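Open your viewer and have the selection tool ready. We will go from stop to stop, and at each one you will hear what to pick and what is there.

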Amino acid sequence: MSKLVGSVREAVQAVGLTDGMTISFHHHLRNGDYVLNMVLAEIAGMGLKDLNVNASSIFDVHEPIIEHIKKKVVTGLEVNYMGGKVGRAISEGILEKPVIFRSHGGRAGDMDRGAAKVDVAFIAAPCADDMGNMSGKYGPSACGSLGYAFSDAMCAKKVVVITDHLVPYPLLDCSIPEGYVDVVVQVDKIGDASRIVSGTTKITRDPVGLRIAYLASQVVKHSGYLKDGFSFQTGAGGASLAVAKYVEEMMEKEGIKGSFCMGGITGYLVSMMEKGYFETILDVQCFDLAAIASIRDNKNHQEISATRYASPAAKSCAVDSLDVVILGATQVDTDFNVNVHTDSNGYIMGGSGGHCDTAKGAKLAIVVAPLIRARLPLIVDQVLCKSTPGETIDVIVTQRGIAVNPKNQKLKEALIAAHLPVKDIRELKRMAEEIAGVPKAVTCTGRVVANVLYRDGTLMDTIRKKA
Amino acid sequence: MEIVKNAAAGTLESSDVLICVEPADTLQIEIQSVVAGQYMDAIRDAIEDVLAKAQIKTGKISAQDRGALDCVIRARMETAILRGGSQS
């Protein structure tokens with residue numbers, strides 16, 4: 001027996017895909033992904049219509065989906081993140097039905113408990129055998145962890161594995177096993193390796209970013225969580241990774257041994273584990289080549305599913321055990337609500353990812369962002385989209401000062417005692433407006449183009465069409 | 001002061017503005033900005049104020065703004081005018 005078929009078209013026929021069904025994709029190949037475009041082009045060519053696409057993330061590389069939406073091949077979209085190119089088109093109203101935004105944990109939870117149903121999952125697998133055992137760790141398009149694809153494999157009625165690196169049965173060190181898989185297809189390439197991962201992820205040299213990172217690391221230090229057993233998550237972008245650098249320096253100085261770091265994994269976090277600052281890495285997604293090599297070769301570097309990472313429907317998940325998370329923001333309001341879905345003009349250019357999951361789970365959720373970006377103040381009266389509720393955010397760190405959520409009075413006192421520049425959030429807002437001028441309020445008054453669900457599946461906010 | 005030749009100041013980097021000036025019979029001001037929704041009036045005010053202070057009544061002024069602060073817009077304007085202008 002073999003599950004191998006000759007082409008994507010044969011696979012689509014074999015699983016019985018028909019009009020109106022829901023298909024799913026994972027985003028581990030990020031901006032190098034060929035699979036989503038390949039499958040949608042095939043489906044469009046077969047004359048299928050009215051499909052609902054549940055993709056863990058949509059990147060700029062997926063721009064061709066705009067044409068499929070216009071031609072009604074795709075009439076529904078569910079994502080955790082959406083890049084600016086497709087986001088702008090959605091904000092301009094090309095899709096009749098509102099997009100459903102979830103968080104990484106929310107998507108896994110909704111799939112696992114059957115609230116988000118998938119008829120056919122198309123899983124890009126950097127390595128697989130002909131029965132569908134698969135891994136992201138090997139092959140020319142290696143992406144490391146396949147964390148977000150686990151729920152797709154386990155919950156979809158039918159599962160198609162698409163690989164460009166077919167190995168003899170049985171694949172060693174498989175991530176997702178054959179029992180979930182119906183059909184396997186071999187194609188020339190599932191992605192562009194140079195866009196799947198960055199060569200190296202570098203720490204910012206921007207002095208403003210470094211100042212923010214330094215202040216954030218001081219917040220970590222004086223929060224009381226930086227001690228043996230410390231667990232930590234930070235992003236790959238700008239100031240976030242620099243926080244890890246300063247945290248490492250403090251751990252070295254004080255001889256602190258942490259338990260785990262998590263999230264999108266970069267070479268920097270790998271090096272922290274290798275130097276003994278953390279016991280283990282819980283990896284739902286790799287961001288660079290060093291992370292991929294590590295998850296393949298180091299048993300302390302563990303692959304975890306999105307469910308294990310952040311699902312609120314699971315009996316527990318790793319974010320519940322997280323001490324500190326460093327997060328970004330495009331806007332923050334005076335109630336500490338954070339927007340990571342739209343830009344300051346209201347156009348979709350992001351999404352929660354794990355933002356609201358980790359903010360809720362972590363004992364200390366720190367948002368790092370410059371007080372002003374291209375004249376626009378970070379802090380506004382009301383965010384254009386509430387991505388993460390303010391009651392789950394503890395601290396906002398900018399280069400000009402630190403705002404502590406009033407619910408966390410003890411932390412505020414500790415930071416003041418440490419002579420850190422603690423300011424009321426309204427004071428930070430006023431400082432920015434003194435420099436940049438008071439911005440005219442932007443309003444989006446058109447019909448609803450996206451519903452933003454909180455991690456438990458309840459509606460948190462809507463995004464409206466740019467009128 | 002009068003604009004007598006084409007000149008420019010600034011860049012298209014984020015948080016900067018590129019100001020171009022050229023001679024013309026009337027005064028024309030063109031502004032493109034990434035923060036037009038929030039700050040268009042303030043940008044226009046800053047440009048017009050610098051022109052008024054230099055007593056420039058004619059010329060084509062174009063501003064491609066990438067989110068420059070008010071002081072940056074004024075500085076780029078003054079530089080562009082000095083480069084393209086002559087005391088009449």
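One term first: a polar contact is a pair of N or O atoms within 3.5 Å, where within protein one atom must be able to donate a hydrogen and the other to accept it, and residues adjacent in sequence count only if both atoms are side-chain atoms. This is a predicted model, so local features need pLDDT of at least 70 and side-chain atom pairs count only at pLDDT 80 or more, while totals for chains, interfaces and linings use all residues. Residues are numbered from 1 along each chain as its sequence is written, chains are lettered from A and ligands numbered from 1 in the order in which they are written, and side-chain values use heavy atoms, with hydrogens and water left out.

**Stop one: an aspartate in a loop**

Select Asp394(A), in the loop between β21 (379-380) and β22 (395-398) of chain A; strands are DSSP runs of E, at least two residues, and helices runs of H or I, at least four, numbered from the N terminus. Its side chain reaches the backbone nitrogen of Ala365(A) at 2.8 Å, and a polar contact of 3.3 Å joins it to the side chain of Lys407(A). Is Asp394(A) buried or exposed? Asp394(A) is buried, at 3% relative accessibility (buried is under 20% relative accessible area, exposed over 50%, partly exposed in between, with a 1.4 Å probe and protein chains only).

**Stop two: paired rings**

Next, pick Phe25(A) and Phe122(A). Their ring centres lie 5.8 Å apart with planes at 15°, so they are stacked (rings of Phe, Tyr and Trp, its six-membered ring, pair with centres within 6.5 Å; planes under 30 degrees apart are stacked, over 60 edge-to-face, the rest tilted). Phe25(A) sits in strand β2 and Phe122(A) in strand β6, 97 residues apart. Phe25(A) is buried at 2%, and Phe122(A) is buried at 1%. Then select Phe230(A), Phe232(A) and Phe278(A), a cluster linked by ring pairs.

**Stop three: where the chains meet**

Show both chains. Chain A and chain B bury about 1100 Å² between them, 52% of it on carbon and sulfur atoms (buried area is the accessible area, 1.4 Å probe, that two parts lose on being put together, summed over both). Ala374(A), Arg375(A) and Lys440(A) supply 61% of the area that chain A buries against chain B. Finish on Lys440(A), which forms a salt bridge with Asp41(B), the closest N and O atoms being 3.1 Å apart (a side-chain nitrogen of Lys or Arg within 4 Å of a carboxyl oxygen of Asp or Glu).
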